[in-house]
Amino acid sequence: MAKKRSLFSRWWFWLLVVAAALLAAAWLAWGEGLRKTGETGTAYTARVACSCRYVAGRSLEDCGKDKVEGLELVMLSENETSRSVTASIPFVASDTASYREGYGCVLKSWEN
């Protein structure tokens, strides 16, 4: 009968531990900069995509083609009821811009 190995002697367990440690170290090193850059990128993209969609009248898919280089990870979604566009980078940042008559598209964080 084969001897049963403990959890700590299995190679895959230690591989997961090392991978988790590397991810934690990377987040500590670059996480804050990534978050700030992500917030800027999502705010910019939400505002531009909202203007493209609700001022220029183009489809959201067509507006997605206007993303500048470096913002390929930003995902766009829209809420036609509230006439808003949300730009997000999963687990990093998200921002929403809404169309307001007479003002154009305004970021949610700037609304009163």
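Which residue is the bridge partner of S98 in β4? That partner is V106. Before going further, a word on ground rules: this is a predicted model, so local features need pLDDT of at least 70, side-chain atom pairs count only at pLDDT 80 or more, and totals for chains, interfaces and linings use all residues. Residues are numbered from 1 along each chain as its sequence is written, and side-chain values use heavy atoms, with hydrogens and water left out.

On confidence, pLDDT is the predictor's own score for each residue, from 0 to 100. The chain has a mean of 86, and 88% of its residues reach 70 or more. Strand β1 (residues 75–79) has the highest confidence, at 96, while α1 has the lowest, at a mean of 86. Helices (H or I, at least four residues) and strands (E, at least two) are DSSP runs, numbered from the N terminus.

Now back to the sheet. Four strands form an open, antiparallel sheet in the order β1-β2-β3-β4; two strands pair if DSSP finds at least two bridges between them. β1 and β4 stand at the edges with a single partner strand each, so one side of each is left without a neighbour in the sheet. The pairing of β3 with β4 is antiparallel and runs over four bridges.

Strand β3 also holds T96. T96 counts as buried because its relative accessibility is 17%, and buried means under 20% relative accessible area, exposed over 50%, and partly exposed in between (1.4 Å probe, protein chains only). The side chains of T96 and T86 are joined by a polar contact of 2.8 Å; such a contact is a pair of N or O atoms within 3.5 Å, where within protein one must be able to donate a hydrogen and the other to accept it, and residues adjacent in sequence count only if both atoms are side-chain atoms.

Next comes the largest nonpolar core, with 15 residues, in which C50 and V85 have the most contacts. Such a core is a set of buried Ala, Val, Leu, Ile, Met, Phe, Trp, Tyr and Cys residues joined through side-chain atoms within 4.5 Å. α1 (11–55), β2 (84–89), β3 (93–100) and β4 (104–107) each supply at least two residues of this core, and α1 gives the most, with five.

For contrast, visit E72, in the loop between α2 (60–64) and β1. E72 is exposed, at 57% relative accessible area.
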